[in-house]
There are 2 protein chains.
Amino acid sequence: MNLKDLNYIVEVNKHRSFIKAAETCFVSQPTLSTQIKKLEEHLGIQVFERSNKKVLITPIGEQIIAHAQIILDQVDKMQSLAKNHQDPLAGQLRIGAFPSLASHLFPSVVTAIKTALPKIQLILVEEKTDILINQLEKGDIDVAFLSLPVKTPSLISESLFDDEFELAVSNEHPLANKTTISPHQLIDQQLLLLDEGHCMRDQALQFCQWSGAKEQLGVRAASLETLRQMVIAGTGVTLMPAIAIDKTNPNINYIPFQQPAPKRTIGLVWRKSTVRGKIMQELIDLVGRSLIST
Amino acid sequence: MNLKDLNYIVEVNKHRSFIKAAETCFVSQPTLSTQIKKLEEHLGIQVFERSNKKVLITPIGEQIIAHAQIILDQVDKMQSLAKNHQDPLAGQLRIGAFPSLASHLFPSVVTAIKTALPKIQLILVEEKTDILINQLEKGDIDVAFLSLPVKTPSLISESLFDDEFELAVSNEHPLANKTTISPHQLIDQQLLLLDEGHCMRDQALQFCQWSGAKEQLGVRAASLETLRQMVIAGTGVTLMPAIAIDKTNPNINYIPFQQPAPKRTIGLVWRKSTVRGKIMQELIDLVGRSLIST
DNA sequence: TAAAAATACTCCATAGGTATTTTAT
DNA sequence: ATAAAATACCTATGGAGTATTTTTA
């Protein structure tokens, strides 16, 4: 069966004439006749009762035509739905970021997207890195802000900016008044770290291995904010990414490292197979610009 | 656009694989790929995001597929509706009879149809002859019981039985005790007649012209039942079709005419162009049999 | 390297057209 | 006689097939 045939019977019903219906369908009368005949044979019923002077609709024909109307209406809806999404810079965009980044990055990014890509409907997802990667692979989200590198083969990434770590100490701490610090000054120092599953934990562990620092055992924080409060309480010291640093708090001091400072690279990550390369490019430009302006 | 294409995307959505979907659709994988690609181009959007390892559904694709599902479901409904009406002896039958016939004919006919054609859904219409003919022409009813002949060119008829007229007189009337009567005995007699628009009026007027009887002016009845009551009341005499005669009423006498008695022929009438010749033939047989049995 | 989708091409089924016939008024 | 639908027959679009290439995990 064919959607055109359904349109044919609907038009014949409207005009009660094969010739007029053929005109409105932009086909010849014989085409219309044969197609309708085939449809009737396929359905096994007569839709029309025709003589050379009159076209009548059979009772079952009326029901068939009512169904055809619904089908064609639904097809119309589908096509206009598609038309409203033809713009590659429109539609839903599901965007993720891991927790220690999301709350600091999303506000400015969302604002930038809303003004630059007003037809994009944003859905924000805040999950740990491995969950975001999984959601990317499954197609549950379209793009994510992650620490690079991401080595999942089906994903590609573009780095956006470096986020340097600083040492967070309470203002009572012996190191509190240093203006800079060398990683090697931390040999055998103990660092408070985040809990398992946070990408920043892995980055901090890497830093420990390189600098000779140790993890402070027996306690692991679940968020940067908790970590910060623990530092203020004098429980220990930790690394804090620059993006999460709030210098207005007088009870905690952040000491930058001497160059080359430890850092993480934040980038956009999406599927190689994405059908929305246009948006990805726009996002890279957009975030680049919004970072310069802040 | 094509219904097959909609099925293709629905199946790919189900299996998340072009190869598996191709199998369930009984087409080759390249056919499926090219058809879906064409559909996507036609809609101007991407339904799927595919790599060689994974098939993902885009957000707009999900909506498109939801529409496709609805459309295909509706098509299924339409086809099963058609299937349930493939039996030529099933479905709705709209059947008419004029008033002076309907109340006496319908009960037995309906019973006969219900047992012989149980899958037929009957709709009964009781109207004056010209309205019934009009409804037949317009396709509002499928068949009617009418007095023959019917000379409308688009209709054909089959006679069922003759319905003889008898003279109805009150039991006080001078003719009340006759066992038969000749039409010529009615010369210059006045007959009560039905009102304009009843086919029996025309038949009675024809009888008057032939027999030399006259219409009793100044009063016209709207139904046979009224006419009967007027005869009982002594207002006059009239013709009564045999089918409407109830001999149990002692206040009115029905006198048969000598042969050849005046009569009307009752027949089935339907459109030449009908698509339900089978039912018409069944009806003729059926009514024939039901008349024999009564 | 293996497995899946995309591409290239070929074929043929059928939608559609033109010319004509049939049918009913 | 006229006007509408049906039929006959031809054309050509495009759906579907096979063989092959591309892609990527």
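## Domains of chain A

In this predicted model, 10 residues of domain 2 of chain A are in contact with 13 residues of domain 3 of chain A. On the domain 2 side of this contact, helix H5 (99-116) and strand S11 (263-271) of chain A each supply at least two residues, and the largest share, four residues, comes from H5(A). The residues on that side of domain 2 divide into four nonpolar, five polar and one charged.

The domain assignment of chain A places domain 1 at 3-83, domain 2 at 91-160 + 265-292, and domain 3 at 163-264. Between domain 2 of chain A and domain 3 of chain A, the C-alpha centres lie 27 Å apart.

## Helix H8 of chain A

Helix H8 of chain A runs over residues 224-232, and its buried residues are A:Leu224, A:Leu227, A:Arg228 and A:Val231. Why do they lie on the same side of H8(A)? Seen around the axis, they cover an arc of only 100°, and therefore they are on the same side of H8(A).

The cover over the buried residues of H8(A) includes H5 of chain A, together with strand S6 (155-170), strand S7 (190-194), strand S8 (214-221), strand S9 (237-241) and strand S10 (252-256) of chain A. After H8(A) comes A:Gly234, a residue whose phi is positive, near 85°.

## Where chains A and B touch

The contact between the two chains takes 38 residues from chain A and 39 residues from chain B. On the side of chain B that touches chain A, at least two residues each come from strand S1 (48-50), strand S2 (55-57), H4 and strand S3 (91-97) of chain B, and H4(B) gives the most, with 15 residues. Sorted by kind, the residues on that side of chain B divide into 16 nonpolar, 17 polar and six charged.

Helix H4 of chain B covers residues 59-83, and with its 25 residues it reaches 36 Å from its first C-alpha to its last, which is close to the 36 Å expected at 1.5 Å a residue.

## The surface near DNA strand D

Around DNA strand D there are 25 residues, of which A:Phe18, A:Pro30, A:Ser33, B:Ser28 and B:Pro30 come nearest. Here at least two residues each are supplied by helix H2 (18-25) of chain A, by H3 of chain A and by H3 of chain B. Which helix gives the most to the surface near DNA strand D? That helix is H3(A), with five residues, while the residues of the surface near DNA strand D divide into seven nonpolar, 12 polar and six charged.

Definitions and conventions
Residues numbered from 1 in each chain as written. Chains lettered and ligands numbered in written order. Predicted model: local features only at pLDDT ≥ 70, side-chain atom pairs only at ≥ 80, totals over all residues. Expected span 1.5 Å × (residues − 1). Near = placed C-beta within 6 Å. Nonpolar A, V, L, I, M, F, W, Y, C, P; charged D, E, K, R; others polar. Domains from an automatic or database assignment. Contact = placed C-beta atoms within 7 Å. Buried ≥ 20, exposed ≤ 12 C-beta atoms within 10 Å, placed from the backbone. Arc of directions from axis to C-beta.
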